[in-house]
Amino acid sequence: MIHYSKAEKIITQKNNRESDIETNNTSGEEQQTTNKAADTMRRSLSRLTHSHFGFKNSNFFSVDSELGLRNINRHNLDKMMYATSCVNLSEDLPKENCVSDMLVDSFGRMHTYLRISLTERCNLRCHYCMPAEGVQLTPNPQLLSQNEILHLASLFVASGVNKIRLTGGEPTIRKDIDQICLQLSNLKGLKSLAITTNGITLARKLPLLKECGLTSLNISLDTLVPAKFEFLTRRKGHEKVMESINAAVDVGYNPVKVNCVVMRGFNDDEICDFVELTRDRPINVRFIEFMPFDGNVWNVKKLVSYSEMLDIVVKQFPSLRRQHDHPTETAKNFKIDGHLGTVSFITSMTEHFCAGCNRLRLLADGNFKVCLFGPSEVSLRDPLRQQASDEELREIIGAAVKKKKASHAGMFDIAKTANRPMIHIGG
C-alpha cells in the first residue's frame, strides 16, 4: 500500500516532483509480537541497571585542594558501565531488534546512537566552535550526498542504531534537510530522530521538519544578552534563536532542549537566568562544560566545572533534586519544585561519562569517528563510492568500534591532542 503523508505532499510541491514513501503496515499479530519484545527489552535492562539518586539538604560540597574545584558529595552515586549484549536478553526478542556485534566495542558498550553531520557550513562563527580565521571547508563533491547518508544510516539502523541526531555545521542550512528527515524517519527500527541547531533559521522550517518525522531538538544558546550573543557568534540573530525556542514550545516539543556552553567571565553570571527559562515552559536547559577543540583557544581558567555550576544553581533554587538517569545518558538531570522544565549538566571535562557511551559519529565528509575527543577517523565515503558491499562496510565500522578506548583522555591531554575544529566534527 502506498501512502502519501502531508509532509511528502509539501516536499513534492516544493520540488515539483513526486516521492512515493512506502509505509509499514504492521498486522495486529505482528504488533503484539513487537510490543512483547519491547517489554522483554525493558525488563532485561531493568534487571541489568539500577541506581539511587538524591541529595541531602546540607553538606553538599567539599574542596578539592589540587584544582580548587568544589565537588558534590553524591553519597549513593555509583559509576555504572552500560555493558550488555543481545545474548543477555530473552530469546523472544526479534532478531531485528538485536544489536549487531558491529556496534559492540571491546568493553561491551552497545552503540545505538548515531550523530550525522550534514554540513560543515554554518551561519554563525562561535568562538568555541570555529577559529577566528575560519576553517577550510571540504569541497561539496567530497561531502556525503543525500543518498549516501541514507544508505549508511539504513545500514546502522538495520544493525541496531535506534536514535539518530543531525548536526553540523548548521544542519538547517542544508536545502534538503526536510527530505533527509522524512527518509530517515521512515527507517524501520529508528525510534528517535533529533537535531542540534543554532536556531537562526529553525522557526520557519520547524512545522515541516516536525511533519517529516523530527522527534526532538536541541537549540544552542549561550547568552540571553543580545550584545554578548553578537560578540560570541560574530553575527546578529539573538532574537531569531529566541523565536525558534518559542516556536518549538508552541508546536509541542517537550522538552525543548537548550544547550548552553558556560565560560568563565562571559556567561557564568547568567546561569540562574537560564534556569528561569524552565519555570513556566517545558524547557530543559543543559549547561555544558567548556571543551577543547582545534582553534577554540581553550583554557582551563575559562572552564566552569559542574560542581561550581551546581553550587550556583542550588543556592538560588534549593529544591533542586537529581533525577534518575539512564546509564547511557550524557547529562546529569535535575528538577526544581514548581518548575515545568528541567536543568541538566554535561560534565565531559570534570566527570566524564565514557563508561556508558553509546554514541558514534558520521561526519559530513563521510569519515566515521567513534569518540568525540579521539583523533582517529576512518572513511566510509571512499569504500561506499568504490562500490563496497554492505558487508564490507560493516567490517570497516565494526573494526573501528572495536578499537574504541575505555575513556577519552583528561582535559589537559585533550587540549594538546590534534583534533578537528568542532564545526568539522559536528556538534
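## Fold, sheet and aromatic contacts of a predicted chain

The chain exposes about 20500 Å², of which carbon and sulfur atoms supply 50%; accessible areas come from the Shrake-Rupley method with a 1.4 Å probe, and for residues only the protein chains shown count as cover. This is a predicted model, in which local features need pLDDT of at least 70 and side-chain atom pairs count only at pLDDT 80 or more, while totals for chains, interfaces and linings use all residues. Residues are numbered from 1 along each chain as its sequence is written, and side-chain values use heavy atoms, with hydrogens and water left out.

### Overall composition

The chain has 13 helices and 14 strands. Helices (H or I, at least four residues) and strands (E, at least two) are DSSP runs, numbered from the N terminus. Of the 427 residues, 52% count as buried; buried means under 20% relative accessible area, exposed over 50%, and partly exposed in between (1.4 Å probe, protein chains only). Residues 24 or more positions apart account for 73% of the contacts in the chain with a separation of 6 or more, where contact means heavy atoms within 4.5 Å.

### The sheet

An open sheet of 12 strands runs in the order β9-β10-β11-β8-β7-β6-β5-β4-β3-β12-β13-β14, with mixed pairing. Strands β9 (321-322) and β14 (378-379) stand at the edges with a single partner strand each, so one side of each is left without a neighbour in the sheet. Two strands are taken to pair if DSSP finds at least two bridges between them.

| Strand pair | Sense | Bridges |
|---|---|---|
| β4 and β5 | parallel | 4 bridges |
| β7 (residues 256-262) and β8 | parallel | 7 bridges |
| β13 (residues 367-369) and β14 | antiparallel | 2 bridges |

Arg165 has Ala194 in β5 as its bridge partner, and Lys257 has Asn284 in β8. Asn367 stands opposite Ser379 in β14.

Helix α3 (residues 146-158) packs on the sheet, where it touches β3 (113-117), β4 (163-167), β12 (359-362) and β13. The direction of α3 makes about 170 degrees with that of β3; axes are lines fitted to C-alpha atoms, for helices over the stretch in contact, and angles run from 0 to 180 degrees between N-to-C directions.

### Enclosed elements

In strand β5 (residues 192-197), 6 of the 6 residues are buried, so β5 is largely enclosed by the rest of the structure. Both of its faces are covered, with Ser192, Ala194 and Thr196 on one side and Leu193, Ile195 and Thr197 on the other. Strand β8 is mostly covered, 7 of its 7 residues being buried. From β8, Ile283, Val285, Phe287 and Glu289 point one way, whereas Asn284, Arg286 and Ile288 point the other way.

Helix α4 (residues 177-185) is likewise largely enclosed by the rest of the structure, because 7 of its 9 residues are buried. The buried residues of α4 are Ile177, Asp178, Gln179, Ile180, Cys181, Leu182 and Leu184.

A buried position also occurs in a loop: Pro327 is found between β9 and β10 (331-335), and at 16% relative accessibility it counts as buried. The C-alpha atoms of Pro327 and Cys357 are separated by 8.5 Å, although these residues are 30 apart along the chain.

### Aromatic pairs and charges over rings

Rings of Phe, Tyr and Trp (its six-membered ring) pair if their centres lie within 6.5 Å; planes under 30 degrees apart count as stacked, over 60 as edge-to-face and the rest as tilted. By this rule the count comes to 6 aromatic pairs. Phe274 and Phe287 form an edge-to-face pair, at 6.3 Å centre to centre and with 85 degrees between the planes. Since Phe274 lies in helix α8 (residues 271-276) and Phe287 in strand β8 (residues 283-289), the pair ties together parts that are 13 residues apart in sequence. Phe274 is buried, with a relative accessible area of 0%, and Phe287 is also buried, at 0% relative accessibility.

Tyr306 and Phe345 form a tilted pair, at 5.4 Å centre to centre and with 55 degrees between the planes. Tyr306 belongs to helix α9 (residues 306-316) and Phe345 to strand β11 (residues 342-346), so this pair ties together parts that are 39 residues apart in sequence. Both Tyr306 and Phe345 are buried. Phe274, Phe287, Tyr306, Phe334 and Phe345 form one aromatic cluster.

A charge sits over a ring if NZ of Lys or CZ of Arg is within 6 Å of the ring centre and within 35 degrees of the ring normal. The charged end of Lys332 sits over the ring of Tyr306, 5.3 Å from its centre. Lys163 lies over the face of Tyr113, at 4.5 Å from the ring centre.
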